[in-house]
Amino acid sequence: MASRQIISGVHVIAMGNANGFLIEAPDGLTLIDAGFPGKEATVLAAIQALGRSPEDLRHLILTHAHPDHIGSAAAIVRATGARLYAHALDQSLVETGGPFRPMQAAPGTLRRVLCRVLFDPAARTVPIKVDQTISDGEILPIAGGIEVFHVPGHCAGQVALLWLPGRMLFAADVFMNMMGLGDPIGFESLETGRASQKRLAGLHFDAIGFGHGAVIQRDAMAKLKEATA
Ligand SMILES: [Zn+2]
Ligand SMILES: [Zn+2]
């Protein structure tokens, strides 16, 4: 199964221990995040499973420039012609393909181990030009409206995205929902990351998707408030 529907119009794609999300709208398809390297075939299969063709993918929005979110971006853009979006603070990482900024592991043993296993700042991705930078407060006129929230801490150029028609928040790596809802594997700045977590917990939405781990399909606001209390 290439993808799974979460709510009407949104599908999650497993991109190798990282999630990509495909939004279906009358103006075409939008992909949020491009997974680890080598995942372009998975994305193309998910598009095909919806009865669409590669050129129906109009937009690829990167939540932040870590190898597990931008790894297949160049290949996906090449195959589909999608327009590529990222925050200005992470643009150069997308366009050079690394090396990446170092992170400190988040508190706790599990995250210390995962950070060492899953994040390698020396990793390299295929460079790809960003077509458009996105910034806090902007509502992208895509798929009926996608609001941008700049949420640094885990990564300086990280954004969360709120798909307004479906009230679904894409929280990137502000949180992680693997073995419980909590911190991501690491932070560039723990204090800034905590502030970003509080900010997202104050938003209004029904469903939430994360870069890693299970989606919460309903009552997501209450669950996120509980996790950040
Ligand atoms: Zn990350
Ligand atoms: Zn990640």
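This is a predicted model: local features need pLDDT of at least 70, side-chain atom pairs count only at pLDDT 80 or more; totals for chains, interfaces and linings use all residues.
## Helices across the sheet

Helix α1 (residues 40–49) lies across β2 (10–14), β3 (19–25), β4 and β5, running at about 150 degrees to β2.

## The open sheet

The strands form an open sheet of seven, with mixed pairing, in the order β1-β2-β3-β4-β5-β6-β8. Its edges are β1 (4–7) and β8 (132–134), each of which pairs on one side only. On average, neighbouring strands of this sheet are turned by 30 degrees against each other, direction ignored.

Within the sheet, β4 (residues 28–32) and β5 (residues 57–61) run parallel and are joined by four bridges. Residue L29 stands opposite L57 in β5.

## Backbone geometry in the loops

Most residues other than glycine have a negative phi, and most peptide bonds are trans. The bond between G98 and P99 is cis, with omega about 5 degrees; P99 is found in the loop between α4 (88–96) and β7 (104–105).

R167, in the loop between β11 (159–163) and β12 (168–170), has a positive phi near 50 degrees. A172, in the loop between β12 and β13 (186–187), has a positive phi of about 50 degrees although it is not a glycine.

R167 is partly exposed because 16 other C-beta atoms lie within 10 Å. A172 is buried, since 30 other C-beta atoms lie within 10 Å and the threshold for burial is 20 or more.

Key:
Residues are numbered from 1 along each chain as its sequence is written. Chains are lettered from A and ligands numbered from 1 in the order in which they are written. Two strands pair if DSSP finds at least two bridges between them. Helices (H or I, at least four residues) and strands (E, at least two) are DSSP runs, numbered from the N terminus. Axes are lines fitted to C-alpha atoms, for helices over the stretch in contact, and angles run from 0 to 180 degrees between N-to-C directions. Two residues are in contact if their C-beta atoms, placed from the backbone, lie within 7 Å. A residue is buried if 20 or more other C-beta atoms lie within 10 Å of its own, exposed if 12 or fewer, and partly exposed in between; C-beta atoms are placed from the backbone.
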